[in-house]
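Please look at the sequence and the fold together before reading on. The paragraphs below take up a helix, a residue beside it, an open sheet and a hairpin in turn.

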Amino acid sequence: MAGYEVVHVAVAAPNIPEPDIIKKAATIVNKDPYQTRLSLSGGIPRLIAHYHSMQEAESTAQNLRDLGLIAFICKNSELRKPSKIFTAHTMEFLEGEAIFRDKSGQTKRIVPSDVFLILKGSMQTSTEEETTETKRKINWGATLLTGGFPIWSNVKEKISGVAVREEHLVRFYNRESAEPMVQMLQHGTAYSFLGAQIAPSSQANFNTVVAKLRELFPQAGFDDSLIKPPKSNRSSTRTPDDLELNCKLLYLYYKAKS
């Protein structure tokens with residue numbers, strides 16, 4: 001149907017609300033208290049209700065705000081819109097600004113007043129890997145020729161598998177858009193710009209970069225809740241799609257509370 005759009009209501013609570021608040025919120029979103037409590041205990045914003053009109057969604061969001069919760073609305077098309085992200089390969093820390101360069105040589109200059117929010121998170125990426133393994137197997141032809149004395153040979157076999165790697169990232173945003181201005185990846189950054197501060201591990205170097213960014217942009221909000229899996233679903237693997245959704249929800253959350 002032309003013009004059809006799903007509008008979500010998202011809610012976040014820094015601390016798990018009191019049982020009576022959870023019960024009232026459950027009534028507002030027409031869910032049972034247990035489901036509602038899970039939505040309010042994950043540590044990051046959750047989509048808690050879904051509507052076909054902005055009016056219905058805003059009414060629900062306002063009722064949740066009246067309970068002291070931070071609630072906001074977002075269109076499904078905006079949440080699912082692919083992000084065009086500038087991924088920096090290296091950077092320079094200058095007096096009062098930072099210059100970021102990607103692998104193609106394109107640059108972005110960012111001054112402290114530009115940055116509204118810094119998000120630090122992690123994702124797991126899977127890649128197909130093929131390895132060669134050497135095994136010892138009995139050579140039956142040679143064994144028969146020796147009258148039954150076992151002859152062994154080394155045989156190489158190709159083994160396919162999936163390698164999973166966790167990678168940290170940092171993104172920063174201005175106040176106008178849920179699209180990140182720049183992102184840096186733990187394994188995609190050349191850390192030579194750290195000079196004497198460079199360490200043997202990419203994790204240590206990445207943490208140093210994030211610390212320096214926080215010093216350069218002290219007025220920006222900082223959130224690293226996406227480093228850990230959601231509390232209500234610790235056994236799950238966070239996919240890139242989950243990361244994109246959660247980054248947008250966190251941006252909207254900080255904008256709603258500011």
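How many residues does H6 have, and how far does it reach from its first C-alpha to its last? In this predicted model, H6 has 15 residues and spans 21 Å between those two C-alpha atoms, which is close to the 21 Å expected at 1.5 Å a residue. Within H6, the buried residues are Asn205, Phe206, Val209, Val210, Leu213 and Leu216. Viewed down the axis of H6, these buried residues fall within an arc of 140 degrees, so they line one face of the helix.

Is glutamine 186 buried or exposed? Its relative accessible area is 6%, and because the cut-off for a buried residue is under 20%, glutamine 186 counts as buried. The side chain of glutamine 186 makes a polar contact of 3.0 Å with the side chain of serine 202. Once neighbours within four places in sequence are set aside, the residues in contact with glutamine 186 are Glu166, Glu167, His168, Tyr191, Ser202, Gln203 and Phe206; one of these, Phe206, is also among the buried residues of H6.

Elsewhere in the chain, 3 strands form an open sheet whose order is E2-E1-E3 and whose pairing is antiparallel. Strand E2 (46-51) and strand E3 (70-75) are the edge strands, each of them pairing on one side only. Neighbouring strands of this sheet are turned against each other by 30 degrees on average, direction ignored. Strand E1 (residues 7-12) is joined to E3 by 6 bridges, and the two run antiparallel; valine 7 stands opposite lysine 75 in E3. Helix H3 (residues 54-65) lies across E1, E2 and E3, and runs at about 165 degrees to E3.

Threonine 90 has arginine 101 in E6 as its bridge partner. The hairpin of E5 and E6 has 2 residues between the strands, and glycine 96 takes a positive phi near 80 degrees there.

Notes. Residues are numbered from 1 along each chain as its sequence is written. This is a predicted model: local features need pLDDT of at least 70, side-chain atom pairs count only at pLDDT 80 or more; totals for chains, interfaces and linings use all residues. Side-chain values use heavy atoms; hydrogens and water are left out. Buried means under 20% relative accessible area, exposed over 50%, partly exposed in between (1.4 Å probe, protein chains only). A polar contact is a pair of N or O atoms within 3.5 Å; within protein, one must be able to donate a hydrogen and the other to accept it, and residues adjacent in sequence count only if both atoms are side-chain atoms. Contact means heavy atoms within 4.5 Å. Helices (H or I, at least four residues) and strands (E, at least two) are DSSP runs, numbered from the N terminus. The expected span of a helix is 1.5 Å times one less than its number of residues. The arc is that of the directions from the helix axis to the C-beta atoms. Two strands pair if DSSP finds at least two bridges between them. Axes are lines fitted to C-alpha atoms, for helices over the stretch in contact, and angles run from 0 to 180 degrees between N-to-C directions.
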